[in-house]
Amino acid sequence: MSALPPQYNPKDVEEARYQWWESQGFFRADPDPKRTPYTIVIPPPNVTGILHMGHALNNTIQDILIRFARMQGRNALWVPGTDHAGIATQNVVEKALAKEGKTRQDLGREAFLKRVWEWKEQYGHTILYQLKRLGASCDWRRTRFTMDEGLSEAVLEVFVRLYEKGLIYRGNYIINWCPRCQTALADEEAPRTETQGKLYHIRYPLAEGKGHIEVATTRPETMLGDTAVAVHPKDKRYNALIGRHALLPLVNRKLPIIADEAVDREFGTGAVKVTPAHDPVDFQLGKKHRLEFLNVMTDDAKMTNVPKPYEGLDRLDCRSKLIVDLEKTGVLGAIDEHVHNVGHCYRCHTAVEPRLSPQWFVRMKPLAQPAIKAVKNGTIKFVPARWTKVYLNWMENIQDWCISRQIWWGHRLPVWYCDACRQRGRPGVIVSKTPPASCPTCKAEPLRQDEDVLDTWFSSWLWPFSTLGWPKQTKELAAFYPTDTLVTAQEIIFFWVARMIMAGYFCMKQPPFTTVSIHGTVRDITGKKMSKSLGNIIDPLEMIGRYGTDALRYTLVTATAIGQDIFLSEERFAAGRNFANKLWNATRYLLSQGPAPASVPQAQTIADRWILSRLQRTVKQVTAALEAMLFNEAASGLYDFLWHDVCDWYIEISKYVQPAEKENSRAVLAHALEVSMRLLHPFMPFVTEELWQQLRLAGSKPSIMVSAWPAPDKQLVDTKAEAQFERFKAVVTSIRTTRAELNVPSDHRTPVVWVVSKDAAIRRFFDDHKTWLQALAHVHEVAALQDVRKQRDATTAVLDGVEVVIPLGGLIDVQKETKRLQQKAAEKMNDIARTEARLNNPQFASKAPVEVIEQTRNQLAQAQETLKKLHEYLSVLQSM
């Protein structure tokens, strides 16, 4: 076997290793009744997507879980796929057409859809290739698409079932309308954000007699659709006006003044204009009081059915003209600055327009009941648990879901209309999985299919079972459903997670998964969300190119605790790269002395007993952390064990063992490295596979990913050895720290160190391991004593039943060191003052992330401890 290069180069390893894994079929999972299944379905990325840090985090977590389960011997299936992303994909293709000077209307529906399919075939798999670069061990044979033949059949099946049970209906309701995308949006697709606007006061003249009633509105352009003015019935200011009429300014339409408890007396003047076709609250008022519904905007938010001066104007241009005209007529009152919540399209970020429109809806309350019960009784659990409350709050107040979209790319509604029946006053609506040849009622033909398509989420809410073959009863569906873990982000709990749970119970009578793991949002190091506009995006593919895939994965999972947001800077990825190199060099050191030993490691020395015991504890800790989805704790525990225990201590001590102990020491090191690589493999798959193949100890499987997950050996847990060796480490560290603080040149050995203890066993231990202490602490002589007279020119450290005394005479320049340490102490005092001022700053305390505040507190504690030690050293120097 060729020698390992001095450094790990991911580019030499990753692509070749991934191709080998695929060619060997290690990612595949087929139904096997003899094995326990473990299933994850990927949150399908949009076909328009490219890998960003959110994807990288989400899919790294999924891959960790799949690799962990696979090594535990479970039949681990990770189902990949992509989402057709109706609005997003149509927008991409329409932009491409615009560069050619064309619109989708120029092409017509069929030709446009052909163009979208061509685009999808050319670009739609990009993100799947990028997921492979991330190391995702999906069963790529099972890649699905939300508009493939099988999933399309599932969509039709569930639509018809829901319709037949009265859970899908068509109605004329206020919906969120995006004028840019020209389609309806569900409430979750039109998130409301605080927006700085204005509150316009307008005086509506009374129709009978003199006087006026003043209303306040944030959208004066909608006044052209007003059909009433409303006040609260208990508002004494307006008691005399209830039942009378006002005149709509500039139009002179007579408006009834109505009373309703829905009116907020504290908003504006307490009197509100009522526009039933353009506001959800006004819509309910319109139905209750039987008002007229006037739609005054077109699909692209141009004014229509309004007086000629405003006809055809964009809604905002109309607003500006109305303000000028209202002022001219003397009815415009105050204009106040006003912050309010405005819904915006989740795709193009255009302000949505509440609008009366005939749409298709799903009745959600009946579907929500079993989904609420499943979370309350623990059948499905959220990790972290705090998201349970968020989920239940939304589910218990759920509204009907608007599922129709006025676009062309997507699943077309399986709804046909018989115009002959409709002309005779019959419903004339046919819902069918297959196109009906004629009307089943009157036999008329041809029939007209509904132009709308279904919301993208209507196909993805079926994802956990449709990807396994439903509505067909396949072997895969029987073997792998319900799935086990869903890994996702908080922002799609309502879009997707809740709906999948409802669909699972409706279609399968079972939950779609048992655990929902919610990870945080990836932010920049200052806490800002990454975005193109802020210029703070860190491209995961660039980081892979610079630091390697393993470094990216390791950094993402160790950057924060479970469910917390992640604060990233490019510098953080260097830690992952350095860790990969540390493991590489430890293995390289072992193999530089010959092939990995085939012998079974024995606990011969105290260092052997200590490292083997620490290994068992690490196996137990990492396994428990992974089972609890505490990924950062698992990875950090492995880092501590490998970097500090194995590399900093065991490898260094192995250089000074007796010749007769040398080969066994190599066997212990090989064992510790091999087991650690298996533990680390789910996090850093490429470097662990490469090094594991170099070790290939007796009885190895063909790949680390199909080797057995380590189990702790209780017989190797040695509490006494751990305590003894930790004391040894503490003594060595104390000597090293003192030498560093007192600026002892590295080539000057400390002449003597006294290890003082009343305990004869401790003194005997340090006598027996004097050689190790001399080598690691850079000391000439070590004396283990029962007692020693107090020395004026010596530093003393007391730790764990041991007093470490280092005489300083002749070792340092006392005057020079005193001056240096005094300056260092002064600098440290300034640091402490600055840190305390920062922590005492109310703005920092209220605005900084919790993690940053905690980090600052830790920095203060460390600085105070350092200052205390400096004063101790100065006290010794001043006595010399």
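I began with the rule for disulfides: a disulfide is a pair of cysteine sulfur atoms within 2.5 Å. By this rule I get 0 disulfides. Cys-181 is in no disulfide, and the nearest cysteine sulfur, that of Cys-178, is 3.8 Å away. I also noted that this is a predicted model, where local features need pLDDT of at least 70, side-chain atom pairs count only at pLDDT 80 or more, and totals for chains, interfaces and linings use all residues. Residues are numbered from 1 along each chain as its sequence is written, and side-chain values use heavy atoms, with hydrogens and water left out.

Next I checked Cys-421. Its sulfur lies 3.6 Å from the closest cysteine sulfur, in Cys-442, which is too far for a bond. Cys-421 counts as buried at 2% relative accessibility (buried means under 20% relative accessible area, exposed over 50%, partly exposed in between, with a 1.4 Å probe and protein chains only). Cys-181 counts as buried too, at 5%.

Then I turned to Arg-355. I found Arg-355 in strand 14, residues 353-362 (strands are DSSP runs of E, at least two residues, numbered from the N terminus). Arg-355 is buried, at 9% relative accessibility.

How values were computed: Helices (H or I, at least four residues) and strands (E, at least two) are DSSP runs, numbered from the N terminus.
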